[in-house]
There are 2 protein chains.
Amino acid sequence: MITITTIKEMQAFVLEKKEQQVSVGFVPTMGYLHEGHRSLMKKARQENDLLVLSIFVNPLQFGPNEDLESYPRDFDRDAEIAKAEGVDVIFFPSAEEMYGRYSSVQVNVKERTDVLCGKSRPGHFDGVATVLTKLFNIVLPNRAYFGLKDAQQVAVVHGLVSDFHFPIEIVPVETVREEDGLAKSSRNVYLSDKERKEAPILYKSLLMAKEKVQSGLTDEIKIISEMKEMIEGRSSGKVDYIEIYSYPELKKVEPLEGKIIIALAVKFNKARLIDNIIFSVNE
Amino acid sequence: MITITTIKEMQAFVLEKKEQQVSVGFVPTMGYLHEGHRSLMKKARQENDLLVLSIFVNPLQFGPNEDLESYPRDFDRDAEIAKAEGVDVIFFPSAEEMYGRYSSVQVNVKERTDVLCGKSRPGHFDGVATVLTKLFNIVLPNRAYFGLKDAQQVAVVHGLVSDFHFPIEIVPVETVREEDGLAKSSRNVYLSDKERKEAPILYKSLLMAKEKVQSGLTDEIKIISEMKEMIEGRSSGKVDYIEIYSYPELKKVEPLEGKIIIALAVKFNKARLIDNIIFSVNE
């Protein structure tokens with residue numbers, strides 16, 4: 001495994017590999033790797049000749065009041081995990097390297113952003129789409145891997161790749177869960193023992209909603225209120241939002257049909273957890 | 001020579017060629033090809049194995065009061081010229097094909113746009129940068145060719161390619177001129193005989209300014225007023241603007257140093273002509 005820190009070297013390395021018909025899998029991350037990242041790396045490792053992992057805490061996707069400075073970083077630990085998962089190249093550029101002295105262009109995401117978590121993070125997805133446009137052109141992958149835990153990000157990336165026609169296959173990877181169904185997250189450690197025992201209700205409520213929709217219930221308001229009742233009745237969590245949209249367009253669907261996402265955010269004492277389920281109605 | 005109208009076919013065609021280490025030259029145009037385009041095709045033909053010309057009148061770069069509908073189109077004539085210049089593939093998509101039912105992302109150009117002709121065309125370069133991002137990903141060229149007649153466009157493209165790290169070499173091509181120095185333009189036909197005889201004064205004023213700068217005059221205001229006097233004294237044209245900037249950054253330089261552009265637009269009775277000169281001070 002090698003680490004590359006400059007754009008020029010990374011691009012040259014990949015261009016040379018691609019001349020030899022090597023397929024490139026890419027897992028873009030902000031580092032501090034966890035089990036979700038591992039599942040992306042495992043899948044990418046199986047499907048490609050060369051596996052590139054990027055570690056870059058992207059300033060452009062942090063809001064002025066967000067935790068850019070305190071975002072956790074631990075390159076040595078990340079490198080160990082990457083090596084264990086069979087990564088060939090870690091691309092690890094500085095912010096200076098990625099954004100230079102100034103920049104004249106930026107990607108503006110006009111759709112799929114003013115819902116779910118995006119509502120409270122204006123400009124966040126512009127930052128995500130801009131850095132991915134750069135990374136895609138630097139790493140030139142055949143496939144790029146994204147976790148469905150952040151389904152809105154996957155939706156935005158689908159839009160980016162499809163609108164800009166990047167010759168890249170986006171591979172969405174299922175959320176990794178604990179045995180009791182709780183979506184794995186670095187934030188789960190902030191749950192109290194009691195909260196931890198309650199938290200699987202989030203996924204249970206999503207499964208319940210899916211079952212109701214599949215068995216013919218298409219009244220969005222009723223589904224959402226039943227979910228809210230279930231979560232707040234059986235845990236100390238407070239629902240931040242429960243929303244239902246078409247996927248990946250993230251538009252209102254009335255009545256519910258086609259491929260949809262049901263997504264939620266729930267606040268516990270010290271942790272705000274998110275989860276979602278994506279499925280096709282009537283299939 | 002073949003014509004391809006779908007994104008999918010164009011991208012697949014080029015990807016297959018690139019597997020055989022074929023170098024791809026790309027000349028993006030809005031059609032109605034003239035001698036300027038010919039010079040781009042000639043240069044691209046010399047430097048690449050495969051030559052792709054795109055013809056696409058891009059709605060996104062026209063303002064609401066601009067001439068999208070009446071923009072001249074003549075595919076058969078264009079195809080003849082392309083064939084004569086050795087083009088291998090014409091990429092000729094519809095607006096529907098390029099922009100689909102909706103789009104969720106767009107490139108926003110934040111610099112180099114509020115000067116020269118861009119001042120009066122808000123959003124124009126966002127449209128240019130967006131369509132080029134799409135075309136670059138569809139045609140996947142090694143080199144793309146742009147005429148320096150529209151030096152601001154070349155500057156924006158340099159910014160786009162450098163900020164987004166497209167693995168593409170941008171090749172700026174010198175403005176093609178008549179024997180008397182007048183920059184070739186499809187708009188020259190709108191000049192009266194008298195105006196046509198006067199029009200070479202535009203380029204003469206640029207050469208005069210360059211000589212003054214090279215011989216030590218760095219007072220921008222003085223240079224501009226001398227040029228204006230020369231043009232308006234020796235022709236019936238009215239100066240729309242004469243501006244001097246660093247190139248390709250298009251920032252004010254005081255005093256004049258480094259690589260600069262002197263650019264002008266002059267209004268005649270039925271034609272508005274533009275021209276420019278780019279050179280390095282003290283080299």
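**Exercise 1.** Which residue forms a salt bridge with K119(A), and how far apart are the closest N and O atoms?

*Solution.* Keep in mind that this is a predicted model. Start at K119(A) and look for its partner: E243(A) forms the salt bridge, with the closest N and O atoms 2.7 Å apart. Chain A is divided into domain 1, residues 2–173, and domain 2, residues 186–277. Finally, widen the view: the count between these two domains of chain A is two salt bridges, and nine residue pairs are in polar contact across their interface.

**Exercise 2.** Describe how domain 1 and domain 2 of chain A meet.

*Solution.* Begin with the centres, which lie 27 Å apart when taken over C-alpha atoms. Then look at the contact, to which each of the two domains gives 14 residues. The area buried between them is about 1,300 Å², and carbon and sulfur atoms give 61% of this. On the domain 1 side, R112(A), L116(A) and K149(A) lose the most area to domain 2, together 41% of what that side buries.

**Exercise 3.** Work out how chain B is related to chain A.

*Solution.* First, superpose the copies: a rotation of 180 degrees, with 0.0 Å of shift along its axis, brings chain B onto chain A with an RMSD of 0.0 Å. The two copies are therefore related as by a two-fold rotation axis. Now find this axis in chain B, where the nearest C-alpha is that of V107(B), 2.3 Å away. Last, compare the surfaces: 100% of the interface residues of chain B are also interface residues in chain A, so the copies meet through the same surface.

Definitions and conventions
Residues are numbered from 1 along each chain as its sequence is written. Chains are lettered from A and ligands numbered from 1 in the order in which they are written. This is a predicted model: local features need pLDDT of at least 70, side-chain atom pairs count only at pLDDT 80 or more; totals for chains, interfaces and linings use all residues. Side-chain values use heavy atoms; hydrogens and water are left out. Domain bounds come from an automatic or database domain assignment. Contact means heavy atoms within 4.5 Å. Buried area is the accessible area (1.4 Å probe) that two parts lose on being put together, summed over both. A salt bridge is a side-chain nitrogen of Lys or Arg within 4 Å of a carboxyl oxygen of Asp or Glu. A polar contact is a pair of N or O atoms within 3.5 Å; within protein, one must be able to donate a hydrogen and the other to accept it, and residues adjacent in sequence count only if both atoms are side-chain atoms. Copies are superposed by least squares on the C-alpha atoms of residues with pLDDT of at least 70 in both.
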